[in-house]
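Look over the structure below.

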Amino acid sequence: MSSPNPSTFKINLEKTGQKRRFPATSTFAELSESLKLFWGDHPYVLTYLDEDNDLITVSSEIEFTEALSVANNMNSKVLKFDAYANVDELKLKLNQEKETPMSTNVERAVHIGIVCDRS
């Protein structure tokens, strides 16, 4: 019988960009305890991208169980989370992303032989 997916969590601490891999746990409480060993005692909030590429927040056992189910359905061996020390840190990050103009992150396309309409 094959082992359940995912077998590993890859977690990025958003505030510092530090990444760590952890063996998959069966509960949010177990994962939170592992995070506390490395990054201190905080009420961690996690996010991940689901099968629709939506950003999903995890801060409870029921949400964690759903994240595992999504990873299983996607046949993912590694479930990637971004970790925030608390919900306020997550809100700050989301607000910063809303305020950042999309055009600053996009490179200008160059198409050889094509002249863009400059009107």
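## Around Ile 11

This is a predicted model. Start at Ile 11. Setting aside neighbours within four places in sequence, Ile 11 is in contact with Gln 18, Lys 19, Arg 20, Phe 22, Leu 31, Leu 35, Trp 39, Phe 81 and Ala 83.

## The nonpolar core

Which residues touch the most other members of the largest nonpolar core? They are Ile 11 and Phe 81, in a core of 20 residues. Five elements each supply at least two residues of this core: β1 (8-13), α1 (28-39), β3 (45-49), α2 (61-73) and β5 (78-84). The most comes from α2, which gives 5 residues.

In soluble globular proteins, nonpolar side chains tend to be buried together.

## A loop residue: Thr 25

Now move to the loop between β2 (18-23) and α1, where Thr 25 lies. Is Thr 25 buried or exposed? Thr 25 counts as buried because its relative accessibility is 16%, and the cut-off for buried is under 20%.

The side chain of Thr 25 reaches the backbone oxygen of Thr 27 at 3.2 Å. Beyond four places in sequence, Thr 25 is in contact with Phe 9, Glu 30, Leu 31, Phe 64 and Leu 68.

## The largest pocket

The largest pocket holds about 200 Å³ of space. Its lining includes Ile 11 and Phe 81. Among the other lining residues are Lys 10, Asn 12, Thr 47, Tyr 48 and Asp 82.

Three strands, β1, β3 and β5, each supply at least two residues of this lining. By class, the lining has 5 nonpolar, 2 polar and 4 charged residues.

Technical notes
Residues numbered from 1 in each chain as written. Predicted model: local features only at pLDDT ≥ 70, side-chain atom pairs only at ≥ 80, totals over all residues. Heavy atoms only, no water. Core = buried A, V, L, I, M, F, W, Y, C linked by side-chain atoms within 4.5 Å. Buried < 20%, exposed > 50% of the residue type's maximum accessible area, 1.4 Å probe, protein only. Helix = DSSP H or I, 4+ residues; strand = E, 2+ residues; numbered from the N terminus. Contact = heavy atoms within 4.5 Å. Polar contact = N/O pair within 3.5 Å; in protein donor to acceptor, adjacent residues only side chain to side chain. 1 Å grid on protein atoms, 1.4 Å probe; cavity = no way out; pocket = protein on both sides within 12 Å on 5 of 7 lines; lining within 4 Å. Points joined across faces, edges and corners; volume = space filled by probe spheres on them. Nonpolar A, V, L, I, M, F, W, Y, C, P; charged D, E, K, R; others polar.
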